[in-house]
Amino acid sequence: MKLALCNEVLAPMPFQAQCRMARALGYAGLEVAPYTVCADPAAMTIAQAGELRQVAADHGLEISGLHWLLVKPDGLSITDPDPAVRARTTAFMRHLCELCAAMGGRYLVHGSPGQRRVPAGDTHAQALARATAAWALAGEAAASCGVTYCIEPLSRDQTEVVNTVAEAVAVVQAAGQPALRTMIDTSSAGLAEDLSVPALIERWLPSGLVAHVQLNDPNRRAPGQGEMAFAPVLAALRQGGWDGWVAVEPFDYVPDGPGCAAWSAGYLHGLMQMLDAASGG
């Protein structure tokens, strides 16, 4: 497992400073929210994305992937009934796949709950059909760029469209795009799933359809700052042979962004060392 930090935790810092701190804390990568590195990500060039990749590399880091994809520019939606809005959104999703590849990233995480809600007057089925069509196009674009596009199941308080891994898997299978997968966000999973997170990992990891994991407590704070036990989560990932990225993504930074990043790194590295010792590794 390789540990990444979602960079908005350090967003007030310049990107170089984010890289310097993340490396000093023991992270191997940054998972980048595009709006934190460019006021209008739609206008970001491939060359600019490559520059970010180089900055990270200069600090001994990788850009593992992208998340919070549709925050900026304004007015994006994969469920809007207006075809022009959806066309602009899917064009931007294709652009993000290109940017991700240029940054050296391997995956994109499509959360963005505000841009996938059921519009007023529409049915859930209508919204889901539009979202599925958009995600299928994103999967096609991801394949052409050599990256993976992940549908993030989100808790029901955030969006009505795709709340569980099973629902995301149904979309992936309907879309029929090999580069379209799903992922597990432990905060949302702790709120939306019937299974515990370790049981969820055991259920879905063997399917090959889970391409990423984000670690956070259901209380939206860092791992270890709430009720969820993360040693069983990491143990389930190891038992399942997970050798990909796991990204720290809190939303409530306690005591602050840098402190939260430091806490998360220390807590998770400590758990990993404990599991190593228990297994004789």
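Modeller: Let's start at Leu 237, which touches Met 1, Ile 201, Leu 205, Val 213, Trp 242 and Val 246, leaving aside residues up to four places away in sequence; contact here means heavy atoms within 4.5 Å. Before we go on, a word on the ground rules: this is a predicted model, where local features need pLDDT of at least 70 and side-chain atom pairs count only at pLDDT 80 or more, while totals for chains, interfaces and linings use all residues. Residues are numbered from 1 along each chain as its sequence is written, and side-chain values use heavy atoms, with hydrogens and water left out.

Buried means under 20% relative accessible area, exposed over 50%, and partly exposed in between (1.4 Å probe, protein chains only). Helices (H or I, at least four residues) and strands (E, at least two) are DSSP runs, numbered from the N terminus. After H8 comes Gly 241, with a positive phi near 80 degrees.

Leu 237 also leads us to the largest nonpolar core: of its 81 residues, Leu 108, Trp 135, Tyr 149 and Leu 237 touch the most other members. H4 gives the most to this core, eight residues. Apart from it lies another core, of eight residues, including Ala 4, Tyr 107, Met 183 and Ala 247. A nonpolar core is a set of buried Ala, Val, Leu, Ile, Met, Phe, Trp, Tyr and Cys residues joined through side-chain atoms within 4.5 Å. In soluble globular proteins, nonpolar side chains tend to be buried together.

How does H4 pack against H3? Helix H3 (residues 83-102) and H4 meet at an angle of about 30 degrees, their axes 9 Å apart; axes are lines fitted to C-alpha atoms, for helices over the stretch in contact, and angles run from 0 to 180 degrees between N-to-C directions. H3 and H4 are therefore roughly parallel to each other, since angles under 35 degrees count as roughly parallel, over 145 as roughly antiparallel, 65 to 115 as roughly perpendicular and the rest as oblique. Among the contacting residues are Met 93, Cys 97 and Ala 101 of H3, and Arg 130, Trp 135 and Ala 142 of H4.

Ala 142 sits in helix H4 (residues 124-145) and counts as buried at 0% relative accessibility. Ala 142 touches Cys 97, Val 147, Thr 148, Tyr 149 and Ala 179, again not counting residues up to four places away in sequence. Ala 142 and Ala 101 lie 41 residues apart in sequence and 8.9 Å apart in space, C-alpha to C-alpha.

Arg 130, for its part, meets Asp 122 in a salt bridge (2.6 Å, N to O), meaning a side-chain nitrogen of Lys or Arg within 4 Å of a carboxyl oxygen of Asp or Glu. Arg 130 is buried, with a relative accessible area of 17%, whereas Asp 122 is partly exposed at 21%. By this rule the count comes to five salt bridges.
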